[in-house]
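Hi everyone, thanks for coming.

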Amino acid sequence: MDASFDYLKPWILQRADPFVTKYGDYYYFTASVPEYDRIVLRRSETLTGLADAEERTLWTCHESGPMSKHIWAPEMHYVFGRYYIYFAGGEKDDVWKIRPYVLECTGQDPYEDPWIERGPMQCADNDEFSFRAFSLDATIFEDGGEHYYVWAEKVGVGKQISNLYIARMETACKLKTVQVLLTTPDYDWERIGFWVNEGPGVIKRGDNLYLTYSASETGADYCVGMLSAKSGTDLLDPLNWKKERHPVLQTDAKLGLYGPGHNSFVKDEDGRDIMVYHARTESKIEGDPLYNPNRHAFLMVVNWDGNDRPVFKYQ
């Protein structure tokens with residue numbers, strides 16, 4: 001990656017919930033757009049080149065009904081022999097009826113080939129709870145030949161609480177197992193404004209799995225927490241996951257970076273692990289934080305300590 005790259009400045013403006021992956025010769029970038037009305041994709045042979053790459057609209061929201069409002073947090077994954085985009089959407093007549101949906105690429109070139117709708121993500125046949133309420137921010141990872149789906153879903157208590165759940169996948173569009181609760185907002189830093197755990201992202205190092213997530217409301221108090229587990233263990237047993245007591249990344253007012261969160265991970269051309277996340281550059285937000293467009297995508301080099309634990313530090 002370009003040695004002159006400034007990690008403390010926005011990489012791609014007004015793109016929240018950034019997701020980057022690499023397949024073949026290309027890096028691919030997608031994210032929530034401020035209008036929340038479409039799904040976009042960029043590609044580049046270099047990571048930093050995504051900033052100036054042409055952005056194509058792959059899909060546009062419906063005029064009414066499901067998938068017609070609040071199109072959020074797309075992620076593109078190659079699983080089960082195809083490219084899929086996982087995203088959340090609401091309805092114009094019920095804007096907070098947010099549910100997870102799936103798009104499938106009809107070919108093997110996600111940038112050039114058409115995409116089709118596969119409808120809502122399906123829970124396991126005997127699961128009476130998943131996707132019944134506000135559900136979003138799905139990510140996918142593989143371990144031991146199995147694919148796992150992790151997402152945020154609210155439970156109807158008081159102002160509602162957003163928890164993270166995990167399940168094993170049967171197909172690209174259906175879960176095989178009943179949801180398991182991974183984490184709920186236990187600590188004060190996860191409960192500012194709203195009680196929130198959301199935006200999961202997974203990175204592996206040796207036999208260690210690290211799952212980052214975002215907590216609290218989407219303003220300056222937004223921050224990143226982390227869980228860890230051992231590869232090869234029963235990942236559907238919550239006791240095999242350890243939760244960090246404190247956030248691993250949060251606002252740094254001295255650097256002018258506020259509310260970091262909703263990250264993904266990718267390796268750069270030099271093989272370094274990179275965190276792709278969004279943050280704001282102003283401490284005070286005009287209007288509703290959800291509709292303020294100034295969440296920008298940033299890059300951060302992930303360092304590793306002597307115990308193979310990730311270190312997230314502005315640089």
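Let's start with a word we'll need: two strands pair if DSSP finds at least two bridges between them. Strands themselves are DSSP runs of E with at least two residues, numbered from the N terminus. What you see is a predicted model, where local features need pLDDT of at least 70, side-chain atom pairs count only at pLDDT 80 or more, and totals for chains, interfaces and linings use all residues. Residues are numbered from 1 along each chain as its sequence is written, and side-chain values use heavy atoms, with hydrogens and water left out.

Now, in which order do the four strands of the open sheet come? The order is E5-E6-E7-E8, and the pairing is antiparallel. At the edges sit strand E5 (69-79) and strand E8 (115-120), each pairing on one side only. From one strand to the next, the twist averages 25°, with axes taken as lines fitted to C-alpha atoms and angles running from 0 to 180 degrees between N-to-C directions.

Let's zoom in on E6 (residues 82-91) and E7 (residues 94-105), an antiparallel pair with seven bridges. Here glycine 89 faces arginine 99 of E7.

Next, strand E14 (residues 195-205) runs parallel to strand E11 (residues 161-171), and two bridges join them. Serine 162 is opposite valine 196 in E14.

What joins E14 to strand E15 (residues 208-215)? Seven bridges do, and these strands run antiparallel. Glycine 201 has threonine 212 in E15 as its bridge partner. E14 and E15 make a hairpin with two residues between them, and in the turn glycine 206 has a positive phi of about 60°.
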